[in-house]
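Please open the model in the viewer and keep the selection panel at hand.

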Amino acid sequence: MKLTKYCDKEMNQSLLGNDFTSEKLLVSPMEQTKNTLMHEKHIVFVGELKDVLNENIKKQILMTHSSMKIDYIGIRNLIGGSTILPEVNTDETISTTSSYANSDLALRTIKELGFSVFLRINVNEILYFKDYFSRLKAFLNHTIQVFGKDFVKQWHILFYAPKETKLDPMILEDLYETLHGILKKKSLHIQLGVFLPFDEEKMKTVSSHMWVLKKANSIDFISFDANRNTDINFDDTSDQNFINSQNYHINKTKKLKQFLQKNGIRKPLFLDMWNTLTGDSRYINGTFFRAALIFNTVIELSQEVQGLGFWINNEIHERIHNSTDLVSDGLELFHYFNGKRPVYYAMFFKERLYGTILSEGENHLMTKNEDGYQLAIFHERNFNPRYSVDELFLRQHSKELQVTLDSLDPGEYQVTRFKFDRKNGALYDNLRKINSKHGINQDVMKYIISTATPDVEIKDEIINGKWSFYAYMDINSIHFIELKKIELDL
């Protein structure tokens, strides 16, 4: 890449020309798997409970729900944060100032929107407050009184002790038993889970969490994490290191299931902390387009886990971690200024898919439903994210795909084609056009964000059993095609 700047324009254009490969893809619905596409539950983390009251975050929640459906609002630091207000001295018999004013407003919003709560309780938070459990009981008593048991009994509560904890396992077990007793006394239906760190290569958990295996009868679900970026050396220029991460999430999930079954445990799994391969700096992370990586990972995981976690935006994620550096343990749905990150549209396409799977391969997934057919084609590739700034590398690893759909029901179809790649829908390329350190006005920012959407075209087609088209597949791009059959009155 450094040498190309010394080439003249004609040579440079030749280098960046049609170096991509051409391939053919034949998709025949006769290869029926007859499996129904699975839809996992979604947790969207907003930080503290009171963050739901932020109008911009609420707007992002509503946009997310319209595109991928939210099941749980994930919250942390319930007792240790600033949502529950400190008690004030008053001469009133019954205080008119409620400590739960913010939490009531936030929970009312969550309830009215039809969501439930996914509360993570960190063991360090419990130890910090000597009266933690009495505060938690008081909060639950108040919440049940105001919102009713039907709302609270749908909550999922996660007992979280980090992998690196130095606490005696017996202390962790005692704290869990105390928490279990409190919650189940309030409602037997509240789901209480445990985070279980797991080493898929050694097929074991850490010694501090071995107590979880003997407490399986009192555990409702198990949470785990999957973040390949912590183990990768980004200075390694060989491909193998990154190719090996291709099936990392599904392999870890299946091995965890094997480990649990070996110990006689069958519990729902929640992958609430995870990320695909990403960059090790903000610039590389922004330029490394990975929609297909996210899409394919979620498709695979939907068959194995009950729930997946996402962060609502960058600002909240980094604030919770108290970090000014890039945080890579989770996927954010929004950038700043309500700009949608690639995971937003990747999940939009995944949730748009429904029906029976007719054909599935390494670069496509086709379904049939009551409206017609849906086809997702993707060019998934793991490579060192630092190469994502190299235009020559990206072009050489793109491809032109000639797609033929065979054995379709004859008739007239309305065909909708979405294209989501670096140039169509990726936010970072648009943000890089703002080359001023002095800021920009709101209208320009709105324009930048509004243009960062997937390309879409709609046309009518008469199909007599077979239909073909060409698709230029940029690296890690997604093309999503819907064939909606036109019902004609005779």
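Which residues in α14 are buried? Select P342, V343, Y344, Y345, A346, M347, F349, K350 and E351: these residues of α14 are buried, a term that denotes under 20% relative accessible area with a 1.4 Å probe, protein chains only. Because 9 of the 11 residues of α14 are buried, this helix is largely enclosed by the rest of the structure.

The model is predicted, with local features requiring pLDDT of at least 70 and side-chain atom pairs pLDDT 80 or more, whereas totals for chains, interfaces and linings use all residues. Residues are numbered from 1 along each chain as its sequence is written, and side-chain values use heavy atoms, without hydrogens or water. Helices (H or I, at least four residues) and strands (E, at least two) are DSSP runs numbered from the N terminus.

Next, select helix α12 (residues 291-301) together with helix α14 (residues 342-352): their axes are 9 Å apart and the packing angle is about 45°. Axes are lines fitted to C-alpha atoms, for helices over the stretch in contact, and angles run from 0 to 180 degrees between N-to-C directions. The two helices, α12 and α14, are therefore oblique to each other, the class left after under 35 degrees (roughly parallel), over 145 (roughly antiparallel) and 65 to 115 (roughly perpendicular).

Now select the open sheet of 7 strands, ordered β2-β12-β13-β14-β19-β16-β17 with antiparallel pairing. Two strands pair if DSSP finds at least two bridges between them. At the edges stand β2 (35-36) and β17 (455-463), each with a single partner strand, so one side of each lacks a neighbour in the sheet. Within the sheet, β14 (residues 372-378) and β19 (residues 478-485) are joined by 7 bridges in the antiparallel sense; F378 has I478 in β19 as its bridge partner. Helix α14 packs on this sheet, touching β14, β16 and β19, and its direction makes about 160° with that of β16.

Finally, select the open sheet of 3 strands, in the order β1-β15-β18 with mixed pairing. Strand β15 (residues 399-405) runs antiparallel to β18, with 7 bridges joining them. V403 stands opposite F469 in β18.

Notes: Buried means under 20% relative accessible area, exposed over 50%, partly exposed in between (1.4 Å probe, protein chains only). Contact means heavy atoms within 4.5 Å.
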